Amino acid sequence: MVDLKSQYDDIKEIVNAGIQEVLDTTTYINGPKVHEFQKNLEQYLGVKHVIPCANGTDALQIAMMGLGLKPGDEVITADFTFAATVEVVALLGLVPVLVDVEEDSMNISVDAIKKAITPKTKAIVPVHLFGRAANMDAIMDLAKEHNLFVIEDNAQAIGANYTAANGTKTKVGAIGHIGATSFFPSKNLGCYGDGGAIFTNDDELAHTIRGIVNHGMYERYHHDVVGVNSRLDSIQAVVLNAKLPLLDKYNTARKNAAKAYNDAFSVNENIITPVFDIDGDDHVFHQYVMRITNGKRDALLTHLQEKGIPCAIYYPIPLHKQKAYADARYNDVDFPVTNMFADQVIALPMHTELGKDQIDFITSTVLEFVK
Ligand SMILES: *Cc1c(COP(=O)(O)O)cnc(C)c1O
């Protein structure tokens with residue numbers, strides 16, 4: 001699904017030299033490279049504070065801890081996403097409230113959020129799924145009206161721009177009260193191990209979070225709050241410093257590959273391709289996820305695998321049907337879009353190194369099969 005080797009070959013010298021420097025200076029954790037990356041990312045995102053941490057799941061958990069969410073508080077998030085989001089909600093003793101998604105954007109449905117808000121609701125976690133921003137204008141308005149926090153799960157959309165109704169462009173992840181991202185190797189900005197970060201424009205919240213990631217310490221060996229240990233390694237910061245200046249180029253390569261897929265599939269009425277620009281919003285195609293509407297999705301998956309074409313289903317089981325997160329509160333008929341997606345979606349290879357020959361082979365193999 002991804003080609004990380006060719007990407008590494010392009011930045012090999014700078015990455016190897018940086019890693020060597022970390023080894024020579026033995027600044028393995030929280031060294032100058034991490035600080036440098038923090039500053040670089042703050043500048044890139046146009047956000048006041050970046051707090052690096054160990055992975056994207058931690059970033060979400062720490063964001064919720066930083067906002068002071070308490071057991072029993074309700075947190076609304078999408079039914080159609082990776083489980084990390086709902087997992088941390090449950091781990092903190094908060095009450096996950098899963099809602100359906102929109103058919104065109106595949107992102108959390110604003111109407112469904114409205115219906116799910118109760119006096120106990122404290123936060124909304126929009127996930128910018130597959131690289132496309134959720135409807136942040138409407139979500140921020142709702143949050144303001146009901147006095148809720150917005151935590152953006154930006155693990156799949158780093159680098160995407162969001163154009164607000166008034167025309168201002170903001171980097172996704174820097175719009176809500178707090179944003180969380182992952183640098184897992186296959187993400188749009190990936191390191192060579194685990195990594196993550198939290199972003200916010202709120203000085204006080206940033207201060208709180210800097211303590212939480214470091215065992216709740218604001219002064220050495222003074223533990224003021226219950227914290228966690230979540231740090232970014234210097235070696236990962238070297239990789240991220242090398243890749244961040246290339247992120248826009250990487251995202252453009254992804255968009256171009258997605259455009260080529262879309263163009264090729266436009267002739268086929270059984271394939272619904274991802275919509276490119278909804279209200280001018282960027283889509284940075286963490287994944288290229290299309291829908292097969294003639295009931296042959298599973299057969300296509302097997303066919304592509306037989307032809308040696310990597311493919312995957314994101315996500316095969318809606319969260320409200322997962323053993324860990326099923327709950328009597330949920331009614332299956334309230335999730336028509338997620339349920340439909342689980343039966344129809346298929347993801348094709350998506351990365352920065354896809355060439356025309358590869359795309360032609362993939363699209364012609366799909367088109368021969370889906371008739
Ligand atoms: C990858 C991902 C995460 C978790 O990130 P890790 O670094 O793997 O912990 C969270 N949310 C979404 C939507 C993701 O895709």
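**Entry 1: the backbone at Asn30**

I began with Asn30, which I found in the loop between helix H1 (4-25) and helix H2 (32-45), and I kept in mind that I was reading a predicted model. When I looked up its backbone angles, I noted that Asn30 has a positive phi of about 50°, although Asn30 is not a glycine. I wrote this down because most residues other than glycine have a negative phi.

**Entry 2: a peptide bond in another loop**

Next I went to the loop between helix H10 (297-306) and helix H11 (336-344), where Tyr315 lies. The peptide bond that joins Tyr314 and Tyr315 is cis, and I recorded an omega of about 0° for it.

I then turned to helix H9 (residues 247-265) and helix H12 (residues 356-369), which pack at an angle of about 30° with their axes 10 Å apart. Looking at how the two pass, I recorded a right-handed crossing of H9 and H12. Which residues of H9 and H12 meet? From H9 I listed Ala257, Ala260, Tyr261, Ala264 and Phe265, and from H12 I listed Ile359, Ile362, Thr363, Val366 and Leu367. Sorted by class, this contact of H9 with H12 has nine nonpolar residues, one polar residue and no charged residues.

**Entry 3: around the ligand**

Last I looked at the ligand, whose surrounding residues include Asn55, Gly56, Phe82, Asp153, Gln156 and Lys187. I divided the residues of this shell by class and wrote down four nonpolar, six polar and two charged. A polar side-chain atom of Thr57 lies 2.5 Å from an oxygen atom of the ligand, a polar side-chain atom of Ser182 lies 2.7 Å from a ligand oxygen atom, and an N or O atom in the side chain of Lys187 is 2.7 Å from an oxygen atom of the ligand.

Definitions and conventions. Residues numbered from 1 in each chain as written. Predicted model: local features only at pLDDT ≥ 70, side-chain atom pairs only at ≥ 80, totals over all residues. Heavy atoms only, no water. Axes fitted to C-alpha atoms, helices over the stretch in contact; angles between N-to-C directions. Helix = DSSP H or I, 4+ residues; strand = E, 2+ residues; numbered from the N terminus. Left-handed = near helix turned anticlockwise from the far one by under 90°. Contact = heavy atoms within 4.5 Å. Nonpolar A, V, L, I, M, F, W, Y, C, P; charged D, E, K, R; others polar. Near = heavy atom within 4 Å. Polar contact = N/O pair within 3.5 Å; in protein donor to acceptor, adjacent residues only side chain to side chain.
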